[in-house]
Structures are given as C-alpha cells and as structure tokens.
Amino acid sequence: MNRKKYKIGLVFGIIITLVLLVTVIVSFFYLPYDPDEMNVTQKFQAPSAEHWFGTDNFGRDVFSRTVEGLKTTFLVALFTVIIGSFIGTLVGAVTGYFGGIIDEVIMRINDVLASFPSMLVAMVMVCILGRGPVKLVLIMGVVFIPSFARVMRGEFMKLKNRDFILSARLIGCSHWRIMFSHIFPNTLHTLLSSVAIGFNNAVLVEASLSYLGIGVQPPHASLGRMLSEAQGYFSYIWCVLFPGLVMVLMILGCVLLSESVVRLKRR
Amino acid sequence: MKSVLYIIRKIVSLILTLLLVSVIAFFVYEIIPGDSVTSMLGTEYTEERAEALREELGYNKPIYERYLIWLENFVTGDMGESVNYKMPVADIIADKLPVTLWLGLISMLQIIIISIPLGVWFAWREHKGKGIFIEYFNQFVMSIPSFFLGIIIIYIFGNILKLFTPGQYVDYKENIVGFILYLIPATITVAISKISMVAKFTRNSMVEQLQADYVRTARSKGASELRIFLHHILRNGLTPVITFLGMVVAEVMAGSIIVEQVFNIPGLGRTLVVAVGNRDLPIVQAIIVYMAALVIIVNFFVDIVYKFIDPRITIGMGRE
Amino acid sequence: MLNIKNFSMKIGNKQIIENINIDVNDGEIVAIVGESGSGKTMTALNVVGLTPPGTVVEGEIMLDGESLLERKKNDYSVSIVFQEPMTSLNPLMKAGEQIDEVLKLHTELGRKERYNKIIKMLKNVELIRAKEIYNKYPHELSGGMRQRIMIAMAMINNPKLLILDEPTTALDPNVQEQIIEIIKKLNKQEKTSMIFISHDLNIVKNIANKIVVMNEGRIVESGTKDEVVRTPKHEYTIKLLNAMPKGKKMRRTSNDDSPMIMISDVDLYYYENRKKNIYNTSIDFNVYRGEILGLVGRSGAGKTSLAKAILGINKNYSGKIIKNVNRCAMVFQDPLSSLNPVRTIRWILSEPLKVQKKYTKEEINMEIKRIINEVGLEEEHFDRYPSELSGGQRQRVCIALALLSEAEFIVADEPVSALDVTVQAQILDLLLNVQKEYGITIMFISHDLRVVEKICDRIIEI
C-alpha cells in the first residue's frame with residue numbers, strides 16, 4: 001500500500017524533473033523571445049497566446065525570462081552538486097574509512113559549518129570573495145561539501161566494519177580498492193538521494209541569494225531576481241507567480257525523487 | 001553525579017565550539033583579498049596613511065596576538081566600526097537584534113504549537129491505516145521558497161484583503177504591539193515551511209515506533225490502541241523531535257534574513273544583506289558570530305533537556 | 001483447556017497454517033517445534049489475537065469453551081513472552097511501570113497493592129533486588145533480566161495460558177538454563193498451562209510434556225515428549241533429531257610439529273571514553289596445522305575479537321600473536337552481511353583471484369566454476385545477488401571464497417547458528433570435507449558445545 005504511494009511520488013518526481021530538464025535543453029537552441037529584449041509598448045501584458053506568462057515592466061516576455069532563469073538556476077545547482085558531491089565523497093570516504101585524528105579535526109570543523117544554514121555560509125563567502133557567476137558556483141560547491149562529506153562519512157564508517165569488508169581485507173584487497181570497489185557501490189542510493197536533496201537546496205540557495213541581490217548578477221536572468229524586481233509592481237501578479245511556480249516545481253521534483261528513492265530502497 | 005558530569009562535558013564542548021567559531025570568523029577577516037585599510041581610507045589613500053593606520057589598528061602584530069586582542073575586544077563589546085556607517089558595530093547590532101529575536105521567537109512558537117500536534121495527527125491516521133495524500137500536500141508546501149510565499153502572502157492579505165499595510169513598519173521602541181502585529185505575516189511566512197518540515201519529521205519518528213516490538217508487547221497486554229498511542233508511542237516518538245527543533249532554530253534564522261527583506265523589516269538580516277552587498281566586513285563578522293553563538297547555545301540547551309527526557313543518553317557510547 | 005481445532009490461516013493468498021489441531025490441558029507444557037517459516041509463531045499470535053493485517057482464519061481456537069477468535073478485547077487470560085528481550089520493552093518506561101500497566105488495565109487494585117504484588121512477582125522470577133529493579137530502565141538491565149521482566153509481566157495477572165515464543169534463543173547458554181528453570185518452577189507453582197515455541201528439540205526435551213512438530217504450516221507429528229523424542233515416526237522429526245554432522249573424522253592427537261599460530265598472554269580490551277577496558281586477560285594457546293580447534297566461552301568473553309586479532313583486523317589487544325601462515329579467511333555468523341549486497345556472486349568470487357593479479361580472465365572463470373561445484377552450488381548461482389540466495393547457500397559462497405583466496409587457516413565464527421537445524425548439518429559436513437581435502441586448519445567458534453564436541457579435535461575455553 002505504502003509502496004504504491006511512494007511509486008506515485010516517484011513517477012511525479014520523474015515527470016516534473018524531465019519536463020523541466022527538456023525545457024532547459026530546448027532553451028539552449030530556441031526561445032520564443034529574446035529574454036532581455038525590451039519593448040515599452042508591450043509592457044504589463046496579461047498572459048495570452050502570444051506571451052504565455054505575460055510581459056513585465058519593460059515589456060520583456062516573462063516566459064522567455066523564466067526559462068532563461070530556470071536555465072541559470074539549473075546550471076548553478078548542477079555544478080554546485082557536482083563539486084560538492086565529488087569532493088564531499090572523497091573527504092567522507094577518507095575520513096570515514098580511516099578515522100583517527102584527521103577525521104576528528106575535519107569533522108569538528110565540518111560540524112560547525114554544517115550546523116549553519118548553507119545560505120548564511122554562502123553569504124559570508126560572497127562577502128569575502130565577491131560576486132560573479134564562476135565565483136558563485138565555486139562558493140556554493142564549497143558550501144555544499146560538508147553536508148555530502150558528513151553523509152558519506154557516515155556510510156563509510158557504517159560499512160567499513162561490516163563482515164564483507166573484513167573479508168575483502170583478508171583476501172588482500174588494497175584500501176583504495178576496498179573503498180571504491182567494495183564500499184562505494186553500497187553507498188550509491190544514499191549518494192543519489194543526497195544529490196537530489198543537495199540539488200534542491202542549491203536551487204533554494206541560489207534563488208535566495210539572487211533574490212537578495214547578491215547571487216547571479218545581470219545580465220544573467222535569474223528566477224530569484226525576477227521575483228525581487230516584480231515586488232515593485234505587485235498587481236501584475238503574473239510577473240511573480242510564474243517564476244515562483246517554476247521554482248516550486250523544480251524543488252518539488254527533486255524532493256519527490258529523493259524521498260521516493262530512499263523509501264523504495266528501504267522496502 | 002552522572003548528570004553533572006554530562007553537563008560539564010557539554011559545557012566544555014560548548015566553549016570549544018564557540019572558540020572554533022570565533023577562530024573561523026577571525027580568519028575569515030584575515031583572508032579577504034584586498035585589505036580593509038585600503039577600503040577604509042578610500043580616496044584619501046596614501047602609503048604613509050595606510051601604514052599609520054595599520055600600526056594604529058595593530059595589523060603588524062603576530063596573528064595569534066591579534067586574535068587574542070580581537071577576541072577580548074569582541075567579548076567586551078568592542079566589535080569595531082562599520083566601514084559604511086562609520087558607527088560602532090555594537091551599536092548597530094544592539095539596535096537591530098531585538099527585531100530579529102522577536103521575529104524568530106514568534107516564528108518558533110508557531111512552529112512548535114502547530115507542527116507537533118499536526119505530525120502526531122498524521123501519525124495517528126497512519127496508525128489507523130488511512131492512506132494520506134496530505135503528505136503530498138505537505139511536500140508541496142515545503143517546496144515553496146519563503147520569499148515567494150512572502151510575496152504571495154503580501155499580495156493576498158495585504159493588497160487584496162487589506163488585512164495589513166505592507167511597508168508600514170512600526171518601530172518596537174515606539175509601539176511594541178504595533179510592531180508585533182506588523183511581524184505576524186512575516187513570522188507566518190517563516191513558519192509555514194518549517195511547520196511542514198517538523199510535522200513530517202514528527203510523523204516519521206512516530207511511525208517508526210509503530211512497528212516497534214514493545215508496541216506488540218503493549219498490545220498483548222490488552223491495552224487499547226489509544227492507550228498504546230498515548231502511553232507508549234507518543235513519548236518515544238517525540239523525543240527525537242526535540243533535537244530536530246534545535247536544528248530548526250538555525251533554519252528559522254536563515255529564513256528571517258530573507259523574510260526581513262520581503263517584508264521590509266529592519267532587523268539583523270537586512271543589515272547583513274546590505275553589509276554583504278557593500279562588503280562591510282566588521283558587521284558581517286559580528287552578525288555571523290552572533291547568529292552562530294545563538295544556534296550553538298540553543299542546541300546546547302536542547303542537549304541538556306534531551307538528557308533528562310531520555311534515560312538512555314549517557315556520557316559515552318558503550319561497546320560496539 | 002485450550003483447543004485448536006481444524007485451524008487454518010492465510011495472509012492474502014498465502015497459506016500460513018493448514019488445518020492444525022492442538023490441545024493443551026490444565027497445567028501442561030506443550031512445545032511447538034519447527035524451523036523458521038513452519039507457522040509456529042503464527043499459531044501463537046493467533047491464540048493471543050495479535051495477527052497481522054490481512055489475515056483470514058478458518059476453524060476454531062477455544063479457551064475453556066470460549067472462542068478466542070471472536071473475542072473483542074484481550075482480557076489477558078492468555079499472555080505471551082516474545083523472543084527479543086532487547087526490544088520488547090518500552091525504552092522510556094521503568095521496568096516496574098511496564099508490569100504495572102497490566103494490573104492497571106485488568107485489575108481494580110490500588111497503587112500499594114499493585115506495587116507489592118509486582119515486587120513479589122519480581123522475586124518469584126528470581127530478580128533478587130526487586131525494589132531496585134522496579135525503578136530501572138530496560139537499557140540498564142541485561143538480556144536475561146529483561147526476559148525475566150517479560151515473564152513477570154506475563155505472569156502477574158495469573159493467566160490461564162502463557163505462550164513463550166523462543167524465550168531463550170537470544171540469550172547466553174547459561175542464562176538460557178536459568179530462564180528454563182524459572183519457567184518450570186512457575187509452571188509447577190501456579191499450575192499455568194504453557195505453550196513453549198522453539199526451533200530446538202534439545203531445549204524442548206527438558207521442559208515439555210507434549211511436543212508438536214510443525215513443518216510448512218502443518219503438524220507432522222505430535223505426542224508425549226517420550227514418544228516424539230524416543231520413537232519419532234515422521235522422517236522430518238528424525239531429521240530434526242539427527243541434525244548433527246554425519247562425517248566422522250580422524251582425531252589428531254599428536255602436537256609434535258611446531259604450532260601454526262602461537263597466542264601468548266593476550267589481553268583483549270576496548271575503549272570507552274578513551275578509557276581502556278580490559279575484558280579478557282592472559283589468553284594462551286597454540287593452533288596446530290591441520291587441526292580443527294574449537295573456541296568456546298561465554299558471550300562477551302571476546303571470542304570474535306580474539307579471532308579478529310589473530311587475523312589482524314582487530315588491533316585492540318596486547319600480548320603476542322605469532323602467525324606462521326600466509327592467507328587467512330573468515331566465515332561469519334550472519335551470512336547475509338558477509339557478502340557484498342550490491343555485487344553478484346561471480347564478482348565476489350572473482351575478487352580474490354583478481355587481486356592476486358596473476359590470472360587471465362579465462363583462468364578466473366574456470367577456477368570459480370570448479371570451486372562453486374565443490375561447495376555444492378551451481379553455475380546458475382553466478383549471476384545472483386547474495387539476497388537472492390538462502391542462508392545455507394550464502395554460507396557455501398563464503399566457504400568458496402575462503403578456498404579461492406587459498407587460505408590455509410579459516411576462522412569459522414558461529415558459522416551455523418543463524419541457520420535452520422537441517423541446513424546446519426549440511427554446512428558442517430561441507431566444512432569437514434573441505435578441511436580434509438585441502439588440509440586447511442580451522443578455528444571453530446561456537447556457543448553450542450554439542451556441535452563443538454562433535455567436530456573439533458581440541459577445545460579451548462577463554
């Protein structure tokens with residue numbers, strides 16, 4: 001019964017994520033309007049067949065801008081998760097598998113960092129390093145390392161004392177081989193679900209930073225900034241609603257995916 | 001005796017963690033590319049002046065000495081001067097801190113009062129074997145970024161229903177009641193997604209207990225389902241929630257930074273955002289240390305409370 | 001007194017119990033014996049009314065002429081003690097309060113009377129410092145103490161029938177005996193009828209008046225204890241009784257060659273809060289080439305830790321271990337966790353050969369084919385995952401793994417205690433064959449003295 005329920009979640013998660021993914025891919029080649037093209041005669045048009053999501057205060061097409069923003073957010077989140085999960089896995093694997101004093105030190109620092117909302121840490125780093133798209137991706141990647149490291153360390157610690165790993169040691173496998181050939185495949189579903197959770201956090205952090213004006217900078221379109229700009233002209237609700245909803249969908253898709261993967265795996 | 005030891009251990013760990021935070025905050029200040037002397041002097045920059053100022057600020061001393069001086073100053077309330085406002089950071093924080101504390105406190109209250117009964121109710125339904133689609137709704141609510149939610153709330157309750165006037169901030173020093181009323185929509189915004197989160201956690205934690213062996217034992221005693229739920233599952237299921245609430249405090253803090261921006265509330269969060277924008281490091285440093293300390297201290301108390309609720313917590317871990 | 005008549009049970013479409021008849025008379029202990037999946041526990045759950053959702057029953061269960069199946073609420077005339085004393089008690093409630101709950105639910109007694117009654121009961125199950133134990137939380141009690149609490153809880157309201165579902169399986173052998181004695185005593189004292197469920201005919205022999213043997217949801221044999229144990233009729237019962245290795249081996253007596261492994265003055269310890277806690281000291285013995293050495297000891301004595309220290313995967317010891325051996329292997333107790341769950345059997349078996357880096361792909365394939373037949377598995381098992389094999393099959397894979405890594409010394413750590421009795425015998429036979437054929441030295445760890453005596457050349461107790 002419950003299994004079925006989570007399958008529904010999984011299907012929805014996959015559909016939502018796929019639709020958004022396809023949209024992002026298509027947007028590389030085609031967009032109905034230039035997202036930055038202003039047209040004062042066309043400003044504040046309500047949604048119509050011509051402008052699906054209406055137009056904003058400069059007469060820009062909200063649909064095209066939303067897709068463009070989606071693309072930015074998507075790419076930032078993607079690179080963030082790639083950096084975070086790759087380095088996080090390495091750090092977690094080494095500290096979790098070998099333990100000892102290095103583990104104590106790294107994890108102590110890790111704990112302090114991870115007890116903070118990732119957004120705060122990202123803000124401080126933006127303050128230190130300054131703004132810019134590459135810097136933003138790097139900052140967010142680094143900010144996400146601790147959470148991945150923590151999860152992977154837990155997995156490696158749990159698995160390294162299991163009988164089958166002891167048996168691999170007796171066979172004479174090297175530490176490296178044990179870590180990545182024996183243990184790592186066992187952590188895949190955990191990694192997968194943390195990647196989904198991480199992705200969704202990254203979307204949130206990027207959108208929040210951009211909303212606060214310290215994330216993605218013009219000329220790159222961003223969902224967060226679209227919202228903060230649209231706050232100035234509330235009554236044209238479509239300027240707020242559509243970018244917001246796309247953001248919600250993006251996060252919802254990830255959450256459903258990660259949730260269902262974990263539940264279905266657990267059985 | 002054991003409890004006293006436990007608390008002492010926790011206090012030591014608390015102090016160590018706070019020191020670690022201070023070290024990180026201090027070094028963050030040290031590694032900024034382009035030193036702040038240059039930006040402080042701005043257009044009046046000359047080599048001699050910069051050198052003089054460095055001497056005056058003690059930048060030529062060894063790093064650990066500077067750390068100790070900085071720490072001593074910080075603890076005694078001298079947190080430096082804002083680059084932008086040319087005002088002591090301590091004064092700025094003293095002015096803004098109450099706003100954010102109120103915001104966080106009211107949000108936390110809402111979260112605790114609403115989410116726990118909600119989570120328990122979800123679990124009770126699960127216990128009774130009812131399929132729930134509320135869970136999906138909950139998931140949906142959790143997925144709404146707080147600034148989007150805030151804008152929607154302002155639009156619906158402010159612009160359409162006219163229940164409050166957006167942007168008409170009331171200072172807490174003039175009218176505390178008006179101030180709190182102004183905060184309410186903002187606190188709701190912060191609280192909603194956290195309520196979903198905590199409710200979900202509560203539910204999962206309780207549902208995990210439903211299959212426990214001791215529940216079967218209780219059932220074999222002939223206890224009614226309601227009694228089993230209230231006497232056995234509830235307490236076991238709720239203890240982990242306390243720890244989770246400790247973590248939520250940090251989230252509420254992050255939430256308030258954004259929501260202050262959405263609702264135009266001049267608290268620590270807005271100050272932080274502006275300071276980050278201007279790279280006004282003394283303020284950023286101080287606010288981060290404050291927030292960190294708050295989170296760490298709250299979690300310290302959570303640990304202590306937990307110890308008294310769950311008899312299983314002992315000082316160390318037993319044998320594997 | 002209790003009559004189970006033509007009783008059948010299904011969960012969904014799966015037949016769990018098929019047409020069983022069991023009678024329990026006043027003051028009698030009836031044992032239900034069978035392997036996992038035989039339906040013995042489900043029978044018990046039906047009697048107490050704790051059936052899982054989706055259960056469909058047929059037939060009757062009567063207690064003193066009243067149908068138990070139609071009862072609305074459990075009045076605790078039938079009580080039950082479960083197998084897992086670790087998890088069956090509420091971790092946040094004091095032991096005494098948990099017993100008290102029964103009295104609160106089913107009697108009108110006042111607080112003082114209830115307390116006195118509980119203290120008396122606790123003393124009755126031989127918990128001497130009863131008042132102290134009343135206020136303890138479950139985590140502060142040992143497994144044996146918790147099981148006594150469970151028994152006290154089950155007996156406190158003088159039930160007509162007490163069901164004991166493998167009450168001693170999770171406990172140490174010496175604690176097992178104490179619990180059995182308490183159960184016998186209570187049976188005599190209170191004249192309570194009991195159903196004792198177990199997988200082990202040997203335990204049951206000591207306690208039951210009547211024995212019912214179940215297999216795959218059916219009763220294959222029942223009768224008085226002597227009938228079933230002395231003159232078993234059904235072949236399944238005989239199989240259970242003879243579930244001991246058949247292979248007879250030559251006993252080695254001469255210790256003239258130099259020892260393969262020398263263990264001298266070894267202390268085992270663990271760390272708690274960075275404090276060294278020594279839990280076994282001055283262990284001293286040798287292992288000789290080609291022998292099967294039995295290693296026994298109470299639980300917590302560090303049998304497994306010592307074995308791991310010998311193999312070099314446990315550093316928490318002091319003293320001297322000298323090894324004159326190239327490759328070692330270990331066969332673990334829990335066959336599920338000893339094989340990598342995300343890898344196929346083929347991958348797992350190829351690994352020791354791949355690591356040696358001196359074989360080609362074909363050679364590896366040939367070799368694992370040869371070995372897998374040797375341990376009694378087929379090539380069709382190659383592409384399965386460990387979770388798709390039975391416990392016995394997994395244990396065979398572990399033995400194959402030891403052979404493939406060309407181990408001269410194998411530690412077999414309770415290799416059969418997680419298996420059904422009939423499978424146990426097969427695995428022990430396999431171990432004996434392998435030992436004979438390859439001349440491997442085996443250190444056999446077990447808590448079961450009967451098994452150890454049967455297959456080992458020498459026995460060491462630590």
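Predicted model: local features only at pLDDT ≥ 70, side-chain atom pairs only at ≥ 80, totals over all residues.
**B:Ile93**

I counted 19 C-beta neighbours inside 10 Å, so B:Ile93 is partly exposed. Buried would have required 20 or more. B:Ile93 sits in helix H5 of chain B, residues 89-127.

Next I asked which residues B:Ile93 contacts beyond four places in sequence. I found B:Ala286, B:Ile287 and B:Tyr290. I took B:Tyr290 and checked its separation from B:Ile93. The two are 197 residues apart in sequence, yet their C-alpha atoms lie 9.3 Å apart.

**Chain B as a whole**

I listed the elements of chain B and got 12 helices and zero strands. I then looked at burial across the chain. Of its 320 residues, 35% are buried. I also looked at contact range. Among contacts in chain B with a separation of 6 or more, 74% join residues 24 or more positions apart.

**Chain B against chain A**

I turned to the interface of these two chains. Here 35 residues of chain B contact 34 residues of chain A. I noted which elements of chain B give two or more residues to that side. They are helices H1 (2-30), H6 (134-142), H7 (146-160), H10 (225-263), H11 (268-278) and H12 (281-309). I sorted this side of chain B by class and found 26 nonpolar, seven polar and two charged residues.

**Two helices of chain A**

I examined the packing of helix H2 (residues 62-98) and helix H3 (residues 100-114) of chain A. Their axes are 8 Å apart and meet at an angle of about 130°. That angle makes H2(A) oblique to H3(A). I read the crossing of H2(A) and H3(A) as left-handed.

Which residues make the contact between H2(A) and H3(A)? From H2(A) I noted A:Val91, A:Thr95 and A:Phe98. From H3(A) I noted A:Gly100, A:Ile102, A:Asp103, A:Ile106 and A:Met107. By class, this contact of H2(A) with H3(A) has five nonpolar residues, two polar and one charged.

**Chain A against chain C**

I looked up the other interface of chain A. On this one, 13 residues of chain A touch 18 residues of chain C. Helix H6 (163-171) and helix H7 (175-211) of chain A each supply at least two residues of the chain A side. H6(A) gives the largest share, seven residues. I classed the chain A side as six nonpolar, four polar and three charged residues.

**The sheet of chain C**

Six of them form an open sheet with mixed pairing, in the order E6-E7-E8-E3-E9-E10. Strand E6 (78-81) and strand E10 (218-224) are the edges, each pairing on one side only. I got an average twist of 15° from one strand to the next.

I then checked one pair inside the sheet. Strand E3 (residues 29-33) and strand E9 (residues 210-215) of chain C run parallel and are joined by four bridges. C:Val33 stands opposite C:Val213 of E9(C). Finally I asked what helix H5 of chain C touches on the sheet. This helix, residues 143-155, packs against E6 and strand E7 (161-165) of chain C. Its direction makes about 175° with that of E6(C).

How values were computed. Residues numbered from 1 in each chain as written. Chains lettered and ligands numbered in written order. Contact = placed C-beta atoms within 7 Å. Nonpolar A, V, L, I, M, F, W, Y, C, P; charged D, E, K, R; others polar. Buried ≥ 20, exposed ≤ 12 C-beta atoms within 10 Å, placed from the backbone. Pairing = 2+ DSSP bridges. Axes fitted to C-alpha atoms, helices over the stretch in contact; angles between N-to-C directions. Parallel < 35°, antiparallel > 145°, perpendicular 65-115°, else oblique. Left-handed = near helix turned anticlockwise from the far one by under 90°.
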